[in-house]
Structures are given as C-alpha cells and as structure tokens.
Amino acid sequence: MSKFPLKWIEKIYKYSDIIYFHYESLDNQKKVIDLIHKNNVRPGIVLHSKYKYNNIEEKVHNFSEILLLCIEEPGYSGQNFMEEANALIRRLNQIKKRIRFQVCIDGGITSDLIPNLKCDKVVSGSDILKSSSPKKQIMRLQTLSRYEK
C-alpha cells in the first residue's frame with residue numbers, strides 16, 4: 001500500500017488493466033482517478049475491513065472495481081481473514097446499484113471461505129503458495145464459487 005499512489009501510476013499502468021488504490025491514501029482522489037484514466041486503465045478503490053465506512057455508497061459510486069482488504073496489516077502474507085469483513089461485504093452487496101461494480105476480496109482467503117463469500121473475484125496468495133500442488137489449488141479455487149448478482 002502506498003499513501004501516495006500518484007507517484008506509482010506512471011510506473012505500473014502498462015502492467016495492469018485495473019489499478020487499485022486505497023481510499024485512505026493521501027493523494028487527491030480525483031487526481032489519482034484522472035491519471036489512471038489518462039493511461040487507459042480502470043481505477044479501483046480499496047476498502048479495508050478494519051474501518052467503519054459511513055456513506056459507503058457515496059465512497060464507491062465512481063468505481064466499477066472495488067477491492068476489499070480483509071486482513072489486519074496490508075503487505076504481509078499469511079494473515080487470517082478478519083470476520084469484520086463479512087459485514088462490509090454484506091453492505092457492499094446491498095447497494096442498490098451493485099450491478100455496476102465488481103467486488104474482489106483479498107486477504108486471508110482459503111478454500112473453506114470462498115463458497116461463503118458473495119463476491120465476483122478473490123485473491124488468494126498464501127492458500128496457493130502453502131499448497132503441496134499450487135497449480136491444482138488454483139484450479140480448485142476457480143471452481144468453488146460463482147457469485148450471481
């Protein structure tokens with residue numbers, strides 16, 4: 001996580017079709033979004049499940065991509081999924097215009113959790129890397145859930 005995403009966008013845009021940045025970053029959000037768009041990439045917003053977001057609909061309305069971080073400390077692999085994330089997932093899924101955005105869940109994701117998550121995408125690093133057969137684990141995870149809006 002960078003508190004100043006503006007300094008990274010020009011360095012990474014050619015490697016991704018989505019650039020996520022944290023809602024809590026210190027750069028001007030409109031400038032971040034504009035620079036991402038300028039480079040023909042979709043902006044995504046990262047919400048952290050340890051925060052209580054008021055007016056969540058207002059915070060996500062400019063985005064087609066939302067990433068929900070479900071671990072305590074960004075940047076450190078192997079952490080457990082925070083139960084508080086379930087409430088934030090429910091709140092996102094209750095937004096009237098939910099069809100307009102994708103929800104990606106990241107952090108502490110295991111094969112046991114995925115069937116219970118109502119989301120469009122998941123990021124699962126440790127569950128794959130700790131597996132005796134990472135390729136098989138990736139294939140298994142891909143079959144566990146398909147959320148329908």
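Student: How do I read burial for a single residue? Take Ile19: does it count as buried or exposed?

Tutor: Look at relative accessibility. Below 20%, a residue counts as buried. Ile19 has 5% relative accessibility, so it counts as buried. Keep in mind that this is a predicted model.

Student: Where is Ile19, and what does it touch?

Tutor: Ile19 is in strand S1. Set aside residues up to four places away in sequence. Then Ile19 touches Ile9, Ile12, Tyr13, Ile36, Val41, Arg42, Pro43 and Gly44.

Student: How do I read a helix? Which residues of H2 are buried?

Tutor: Start with the general idea. An α-helix has 3.6 residues a turn, so residues three or four places apart point the same way. Now the case here. H2 covers residues 29-38, and its buried residues are Val32, Ile33, Leu35 and Ile36. Viewed down the axis of H2, they fall within an arc of 165°, so they line one face of the helix.

Student: What is on the other side of H2?

Tutor: Lysines. Lys30, Lys31 and Lys38 are exposed there. The buried residues of H2 pack against helix H1 (6-12), strand S1 (18-22) and strand S2 (42-48).

Student: What happens at the ends of H2?

Tutor: Asn28 caps the N-terminal end. One of its side-chain oxygens lies 3.0 Å from the backbone nitrogen of Lys30. After H2 comes Asn40, with a positive phi near 55°.

Student: Which residues are buried in helix H4?

Tutor: H4 spans residues 84-93, and Ala85, Leu88, Ile89, Leu92 and Asn93 are buried. Down the axis of H4, these residues fall within an arc of 135°, so they line one face of the helix. Their cover includes S2, H3, S3 and strand S4 (102-106).

Student: How do I read a core?

Tutor: In soluble globular proteins, nonpolar side chains tend to be buried together. Here the largest nonpolar core has 33 residues. Leu47, Val60, Leu68, Phe81, Leu92, Ile105 and Leu117 touch the most other members. S1, H2, S2, H3, S3, H4 and S4 each supply at least two residues of this core.

Student: What does Leu47 contact?

Tutor: Leave aside neighbours within four places in sequence. Leu47 is then in contact with Tyr23, Tyr53, Ile56, Val60, Ile66, Leu67, Leu68, Leu69, Leu88 and Leu92. There is also a second, separate core of five residues, including Val46, Leu67, Leu69 and Ile71.

Student: How do I read aromatic pairs? How many are there?

Tutor: Check two values: the distance between ring centres and the angle between planes. Planes over 60 degrees apart count as edge-to-face. The whole structure holds three aromatic pairs. In one of them, the rings of Phe21 and Phe63 have centres 5.9 Å apart and planes at 65°, so this pair is edge-to-face.

Student: Where do Phe21 and Phe63 sit?

Tutor: In distant parts of the chain, 42 residues apart. Phe21 is in strand S1, while Phe63 is in the loop between helix H3 (56-60) and strand S3 (65-69). Phe21 is buried at 2% relative accessibility. Phe63 is buried too, at 4%.

Student: What about Tyr23 and Tyr53?

Tutor: Their ring centres are 5.8 Å apart and their planes are at 85°, so this pair is also edge-to-face. The partners are 30 residues apart, with Tyr23 in the loop between S1 and H2, and Tyr53 in the loop between S2 and H3. Tyr23 is partly exposed at 31% relative accessibility, whereas Tyr53 is buried at 4%. Together with Tyr51, these two form one aromatic cluster.

Student: What lies over the face of Trp8?

Tutor: Lys11, at 5.1 Å from the ring centre.

Methods
Residues are numbered from 1 along each chain as its sequence is written. This is a predicted model: local features need pLDDT of at least 70, side-chain atom pairs count only at pLDDT 80 or more; totals for chains, interfaces and linings use all residues. Side-chain values use heavy atoms; hydrogens and water are left out. Buried means under 20% relative accessible area, exposed over 50%, partly exposed in between (1.4 Å probe, protein chains only). Helices (H or I, at least four residues) and strands (E, at least two) are DSSP runs, numbered from the N terminus. The arc is that of the directions from the helix axis to the C-beta atoms. Contact means heavy atoms within 4.5 Å. A polar contact is a pair of N or O atoms within 3.5 Å; within protein, one must be able to donate a hydrogen and the other to accept it, and residues adjacent in sequence count only if both atoms are side-chain atoms. Rings of Phe, Tyr and Trp (its six-membered ring) pair if their centres lie within 6.5 Å; planes under 30 degrees apart count as stacked, over 60 as edge-to-face and the rest as tilted. A charge sits over a ring if NZ of Lys or CZ of Arg is within 6 Å of the ring centre and within 35 degrees of the ring normal. A nonpolar core is a set of buried Ala, Val, Leu, Ile, Met, Phe, Trp, Tyr and Cys residues joined through side-chain atoms within 4.5 Å.
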